[in-house]
Amino acid sequence: QLQASGGGLVQAGDSLRLSCATSGRTNYVMGWFRQAPRKQREFVAGITWNWGTTVYADSVKGRFIISRDKAKRVVYLQMNSLKAEDTAVYYCTTRSGDIGTKSTEYSYWGQGTLVTVSS
């Protein structure tokens, strides 16, 4: 199971850290997606569990950092320099294989956590 937390209401330019606690078997890749109102779910960042290889969407590159704590079985998304357009429900997910950027490539999803950035 996946449980995302850490969302909230912040102002533009602020930082926020999301966490995703995993239980059970951990697949090869952990990912963060987000879905804004009336928009499709989009890839944000992904990380391989074993090697820590990361991939970012262009829209967050340089501002967001994905990491994992293998001992705690938690994946983090550090979000810096937040913008109003980052407002969305953020979901963590997992899959085997490579880091995919399409939501259809992932099978397991946790409940999302809402991030609201006021401008």
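**Reading the fold**

Modeller: Start with the radius of gyration: a compact globule of 119 residues would come near 14 Å, and the protein chain has 13 Å, so the two agree. Keep in mind that this is a predicted model. Along the principal axes, the C-alpha atoms fill a box of roughly 40 × 30 × 25 Å.

Biologist: What share of the residues is buried?

Modeller: Buried means under 20% relative accessible area. Of the 119 residues in the protein chain, 43% are buried. As for the surface, the chain exposes about 6,500 Å², and carbon and sulfur atoms supply 47% of that area.

Biologist: How many helices and strands are there?

Modeller: The protein chain has 0 helices and 11 strands.

Biologist: In what order do the strands of the open sheet lie?

Modeller: The open sheet has 4 strands in the order E1-E3-E8-E7, and the pairing is antiparallel. Strand E1 (2–5) and strand E7 (64–69) are at the edges; each has a single partner strand, so one side of each lacks a neighbour in the sheet. From one strand to the next, the twist averages 15 degrees.

Biologist: Over how many bridges do E3 and E8 pair?

Modeller: Strand E3 (residues 16–22) pairs with strand E8 (residues 74–79) over 6 bridges, in the antiparallel sense.

Methods. Residues are numbered from 1 along each chain as its sequence is written. This is a predicted model: local features need pLDDT of at least 70, side-chain atom pairs count only at pLDDT 80 or more; totals for chains, interfaces and linings use all residues. Side-chain values use heavy atoms; hydrogens and water are left out. Two strands pair if DSSP finds at least two bridges between them. Helices (H or I, at least four residues) and strands (E, at least two) are DSSP runs, numbered from the N terminus. Axes are lines fitted to C-alpha atoms, for helices over the stretch in contact, and angles run from 0 to 180 degrees between N-to-C directions. The radius of gyration is taken over C-alpha atoms; the globule rule is 2.2 Å times the number of residues to the power 0.38. Buried means under 20% relative accessible area, exposed over 50%, partly exposed in between (1.4 Å probe, protein chains only). Accessible areas come from the Shrake-Rupley method with a 1.4 Å probe; for residues, only the protein chains shown count as cover.
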